[in-house]
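Here's a short walk through a protein model, meant to be read with the coordinates open beside you. Have a look first, then follow along.

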Amino acid sequence: MKIIYVPDYDTLSKKTAMEIAAQLIQKPDSILGKAEVLAAAAEYVDAETLQEAEAIADEWVFNVLSEAVVMAEEVRAEVM
């Protein structure tokens, strides 16, 4: 696991998308998920807060994965 410090949310999203894109380029059949993060968070927050966090995470994961897939496709197109 890597811990990366970034100045803001947009930078975090872009950096995450880049990391995921790199993984998808290296191994296109990778399995990616958020379950581990939510399981760890469950130890520290109540159920209502966890549900709110999961809803936010779902939207964020969708947006970041969408961006990562586009980035990976662009790199593949450049290589071919």
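This is a predicted model: local features need pLDDT of at least 70, side-chain atom pairs count only at pLDDT 80 or more; totals for chains, interfaces and linings use all residues.

Residues are numbered from 1 along each chain as its sequence is written, and side-chain values use heavy atoms, with hydrogens and water left out.

Start with the layout. The protein has three helices and zero strands, and from the N terminus the elements read α-α-α. Helices here are DSSP runs of H or I with at least four residues, strands are runs of E with at least two, and both are numbered from the N terminus. Among contacts in the protein with a separation of 6 or more, 66% come from residues 24 or more positions apart; contact means heavy atoms within 4.5 Å.

Now for the inside. Of the 80 residues, 16% count as buried, where buried is under 20% relative accessible area, exposed is over 50% and partly exposed is in between (1.4 Å probe, protein chains only). The largest nonpolar core has seven residues: Ala17, Ile20, Ala21, Leu24, Val64, Ala68 and Ala72. The elements that give two or more residues to this core are α1 (9–26) and α3, and the largest share, four residues, comes from α1. By "nonpolar core" we mean a set of buried Ala, Val, Leu, Ile, Met, Phe, Trp, Tyr and Cys residues joined through side-chain atoms within 4.5 Å. Click on Ala68: leaving aside its neighbours within four places in sequence, Ala68 touches Ala17, Ile20 and Ala21.

Next, the outside. The accessible surface of the protein comes to about 6,400 Å², with 61% of it belonging to carbon and sulfur atoms; areas come from the Shrake-Rupley method with a 1.4 Å probe, and for residues only the protein chains shown count as cover. Ile25, Val75 and Val79 form a nonpolar surface patch with about 240 Å² of accessible area together. Patches take residues with over 30% relative accessible area and no salt bridge, joining like charges within 9 Å and nonpolar side chains (Val, Leu, Ile, Met, Phe, Trp, Tyr) within 5 Å. Val79 sits in helix α3 (residues 47–79) and is exposed, at 68% relative accessible area.

How many salt bridges does the count come to? The count comes to one, taking a salt bridge as a side-chain nitrogen of Lys or Arg within 4 Å of a carboxyl oxygen of Asp or Glu. The side chains of Lys15 and Glu19 make it, at 3.4 Å from N to O. Both residues lie in helix α1, four residues apart, about one turn of the helix. Lys15 is partly exposed at 29%, and Glu19 is partly exposed at 30%. In general, side chains of opposite charge can pair when their charged atoms come close.

Finally, look at Asp8, in the segment before α1. Asp8 is partly exposed, with a relative accessible area of 39%. A polar atom of the Asp8 side chain lies 3.3 Å from the backbone nitrogen of Asp10. The Asp8 side chain also makes a polar contact of 2.6 Å with the side chain of Thr11. A polar contact is a pair of N or O atoms within 3.5 Å; within protein, one must be able to donate a hydrogen and the other to accept it, and residues adjacent in sequence count only if both atoms are side-chain atoms. Thr11 itself is in helix α1 and counts as partly exposed, at 31% relative accessibility.
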